[in-house]
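Thanks for coming. I will go through one model today, starting with its charged pairs and ending with a loop residue.

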Amino acid sequence: MRYGQIIEAHFLERPNRFLARVRIPGQTETETVHVKNTGRCRELLLPEARVVLAVSDNPKRKTRCDLIGVYKAGVGYINMDSQAPNQMVKEWLQDPGNSFFSNITYLKPEYRYGASRIDFYLEEGEEKVLIEVKGVTLERDGIGYFPDAPTERGIRHLGELAAAAAQGYRCYIAFVIQIPGVRVVLPNVENHPQFAEALRDAEAAGVRILYLGCRMSPEEVVIDWADQKKR
């Protein structure tokens with residue numbers, strides 16, 4: 001997944017979950033930008049943090065830029081665009097060189113199952129597969145954690161995947177790790193213990209946990225490795 005024009009700036013404040021104020025070098029006035037992640041991101045969006053903006057080509061927008069990434073001290077560049085994981089997974093699934101899913105005969109994004117839309121439904125021959133994607137931007141001591149804010153939607157998705165697994169689907173929750181150097185994701189028990197419990201229940205029901213790591217730069221994010229959690 002590639003972005004177009006990129007600008008680096010310094011984060012100043014976040015008046016609400018959709019907007020941020022930034023200072024762009026060379027501009028005398030601060031600028032309001034759209035934040036492409038409605039999570040809290042409190043450990044990332046610190047005052048004066050160096051951030052990356054993608055310039056929109058839509059002249060009708062109220063903000064001309066999206067905040068898509070941030071540099072975290074001691075970690076490196078983190079892509080925090082919440083729309084990127086699904087696009088990356090779609091490109092990864094469509095890649096002929098994908099050795100994890102190597103026999104896809106049918107692929108459908110936004111597949112309705114039960115009361116939810118699951119991110120991807122695919123078929124490998126006679127086998128039916130469901131994949132729910134979750135982007136991970138929270139890191140502590142080299143380990144990723146999800147979620148960074150309570151997610152009732154995430155709990156519902158896990159319940160749907162567990163039900164589908166009981167019906168014979170091969171089901172995955174795929175954690176797309178948007179953080180360099182992180183290879184494992186744990187449930188954020190402190191933030192949302194109910195999600196941790198739902199994840200345990202889903203795994204016991206047969207839902208598989210998939211870790212997808214990214215190669216990242218401000219201009220591009222690509223999935224470059226996959227690892228399934230061992231039971």
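At 35% relative accessibility, R64 counts as partly exposed; buried means under 20% relative accessible area, exposed over 50%, and partly exposed in between, with a 1.4 Å probe and protein chains only. Before going on, the ground rules: this is a predicted model, where local features need pLDDT of at least 70 and side-chain atom pairs count only at pLDDT 80 or more, while totals for chains, interfaces and linings use all residues. Residues are numbered from 1 along each chain as its sequence is written, and side-chain values use heavy atoms, with hydrogens and water left out.

Back to R64. Its side chain meets that of E31 in a salt bridge, 2.7 Å from N to O. A salt bridge here is a side-chain nitrogen of Lys or Arg within 4 Å of a carboxyl oxygen of Asp or Glu. R64 lies in the loop between β4 (50-55) and β5 (65-72) and E31 in strand β3 (residues 31-35), so the pair ties together parts that are 33 residues apart in sequence. Helices (H or I, at least four residues) and strands (E, at least two) are DSSP runs, numbered from the N terminus. E31 is buried, with a relative accessible area of 13%.

The structure holds 12 salt bridges. Which residues are linked in a network of them? They are E124, E127 and R170. E124 and R170 have their closest N and O atoms 2.8 Å apart. That pair links strand β8 (residues 116-124) with strand β12 (residues 170-177), 46 residues apart. R170 also meets E127, at 2.6 Å, N to O. This second pair joins β12 to strand β9 (residues 127-136), 43 residues apart. R170 counts as buried, at 9% relative accessibility, whereas E127 is partly exposed at 35%.

The largest nonpolar core has 46 residues, and V51, L53, L67, L130, I173 and F175 touch the most other members. Such a core is a set of buried Ala, Val, Leu, Ile, Met, Phe, Trp, Tyr and Cys residues joined through side-chain atoms within 4.5 Å. Apart from it lies another core, of 26 residues, including W92 and M216.

Last, the loop residue. Where does F18 lie? F18 is in the loop between β1 (6-16) and β2 (19-23). F18 is partly exposed, with a relative accessible area of 39%. Leaving aside neighbours within four places in sequence, F18 is in contact (heavy atoms within 4.5 Å) with V33, H34, V35 and T38.
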